[in-house]
Amino acid sequence: MTVEIASFCGIKIYAQLSNRVTFFNSPYPAHFEHKAVDIYPFSHDAPSPVEGKVMYIYEFTAPRTKQFQMPTKEYLIAIETPVASEYLVRILHVKPIVKVGDSVKVGQILGEMVKNGHFDSWTDLHMHVEIRPRDNLIRARGGMPIYASLKWEKFYGMLPASSFQGKVIVQRPNYTLLKGPIARMGLFSGLPVTVGKGIGILDGGLPHYGFGGVLARGKVEIGDPVYIDGVKIGHVTNIYSDGFARFEVEPFSVKLDNFIMKGISCYMGLSGDFMWKLIPQDGKKMSLKDKASVIICPQGQAHS
């Protein structure tokens, strides 16, 4: 089943209910400016997030990375929707099987997702989606705002927690997934936080990317603090009309059992499912039991 996750100027972006999405969990400018969304399908295939006609396909070289060995090819697919011909939907990280001139439906496979130097080692395969003026497809900057699609509903979930026992679901060298506190607002499920005097869901890579987003239920003001339980993790610097606020990260630490972690990688689920994704320090080997303690604390209070 596909659902609308974001839009701009009548152009609607869709994902499957089984997917994860993120607006802010990336170091790149489009995510800092709330002008992109990443969609994470649970396969190598990339289903089209929009309906339209393939207008442009471009192959280029991605930056090299020392984190892992991967091909350096990158691909750009641009699709014109029936809604607004002055804009094209730009999709990255997909090796296309479609051709220029093809008409595509939402959910139709565009190609196979690829991983290259645009990714960190812990980043899973995904599609990067922007909406661009049709004469500005190549530059890193220049996208249009992308607004999360929300049907405001009651906030469901557990209260934020800075210390809890989580069930370890997946343990890999570059990240660990575990079950922990979860909240839901409309379609989106994620890590619960407090922002200002209200509550919200976290979206971002913290503290390593230096900024993140909060999908807030109540009114938010510039300067409002963002907390996980009693631990301040940042303060609001920008407010958007779709309910998101961007915040600047303030120093904090994350521990998983006795290991100090690099940070938390927060996505949002669409089906009510969500797992905490914790990233180890570079090169740090960990061995965890079925359950592990997660502790979030102010900078300087975590000790290995």
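User: In which strand is Ala15 found?

Analyst: Ala15 is found in strand E2, residues 11-16. Strands (E, at least two residues) and helices (H or I, at least four) are DSSP runs, numbered from the N terminus. The model is a predicted one, in which local features need pLDDT of at least 70 and side-chain atom pairs count only at pLDDT 80 or more, while totals for chains, interfaces and linings use all residues. Residues are numbered from 1 along each chain as its sequence is written, and side-chain values use heavy atoms, with hydrogens and water left out.

User: Why is Ala15 called buried?

Analyst: A residue is buried under 20% relative accessible area, exposed over 50%, and partly exposed in between, with a 1.4 Å probe and protein chains only. Ala15 has a relative accessible area of 4%, and is therefore buried.

User: What does Ala15 touch?

Analyst: Contact means heavy atoms within 4.5 Å. Leaving aside residues up to four places away in sequence, Ala15 touches Met1, Thr2, Val3, Ile5, Val21, Ile39 and Leu270.

User: Ser48 lies in a loop. Why does Ser48 count as buried?

Analyst: The loop that holds Ser48 runs between strand E5 (45-47) and strand E6 (52-61). The relative accessibility of Ser48 is 2%, under the 20% limit, so Ser48 counts as buried. Its contacts, not counting residues up to four places away in sequence, are Ile79, Val104, Lys105, Val106, Gly107, Gln108 and Leu110.

User: Why is Lys285 called exposed?

Analyst: Lys285 has a relative accessible area of 77%, which is over 50%, and so is exposed. Lys285 is found in the loop between strand E27 (276-280) and strand E28 (291-298). Between Lys285 and Val83, 202 residues apart in sequence, the C-alpha to C-alpha distance is 50 Å.

User: What makes Cys9 and Asp257 worth a remark in terms of phi?

Analyst: Cys9 has a positive phi of about 55° although it is not a glycine. Asp257, also not a glycine, has a positive phi of about 55°. Cys9 is placed in the loop between E1 and E2, and Asp257 in the loop between strand E24 (252-256) and strand E25 (259-266).

User: Why are Cys9 and Asp257 called partly exposed?

Analyst: Cys9 has a relative accessible area of 43%, which falls between the limits of 20% and 50%, so Cys9 is partly exposed. Asp257, at 24% relative accessibility, also falls between those limits and therefore counts as partly exposed.

User: Which peptide bond is cis?

Analyst: The bond from Leu206 to Pro207 is cis, with omega near -5°. Pro207 has its place in the loop between strand E19 (198-206) and strand E20 (211-216).

User: What makes a set of residues a nonpolar core, and which members of the largest one touch the most others?

Analyst: A nonpolar core is a set of buried Ala, Val, Leu, Ile, Met, Phe, Trp, Tyr and Cys residues joined through side-chain atoms within 4.5 Å. The largest such core has 44 residues, of which Ile5, Ile13, Val21, Phe23, Ile91, Ile131 and Phe188 touch the most other members. Strand E1 (residues 2-8) gives the largest share of this core, four residues. Apart from it lies another core, of 35 residues, including Val193, Ala245, Phe259 and Met286. In soluble globular proteins, nonpolar side chains tend to be buried together.

User: How do you know that the radius of gyration agrees with a compact globule?

Analyst: The radius is taken over C-alpha atoms, and the globule rule is 2.2 Å times the number of residues to the power 0.38. For 304 residues a compact globule would have a radius near 19 Å; the chain has 19 Å, which agrees. The C-alpha trace spans about 55 × 45 × 30 Å along its principal axes.

User: How many helices and strands does the chain have, and what share of its residues is buried?

Analyst: The secondary structure comes to one helix and 28 strands. Of the 304 residues, 53% count as buried. Among contacts with a separation of 6 or more, 66% are between residues 24 or more positions apart.
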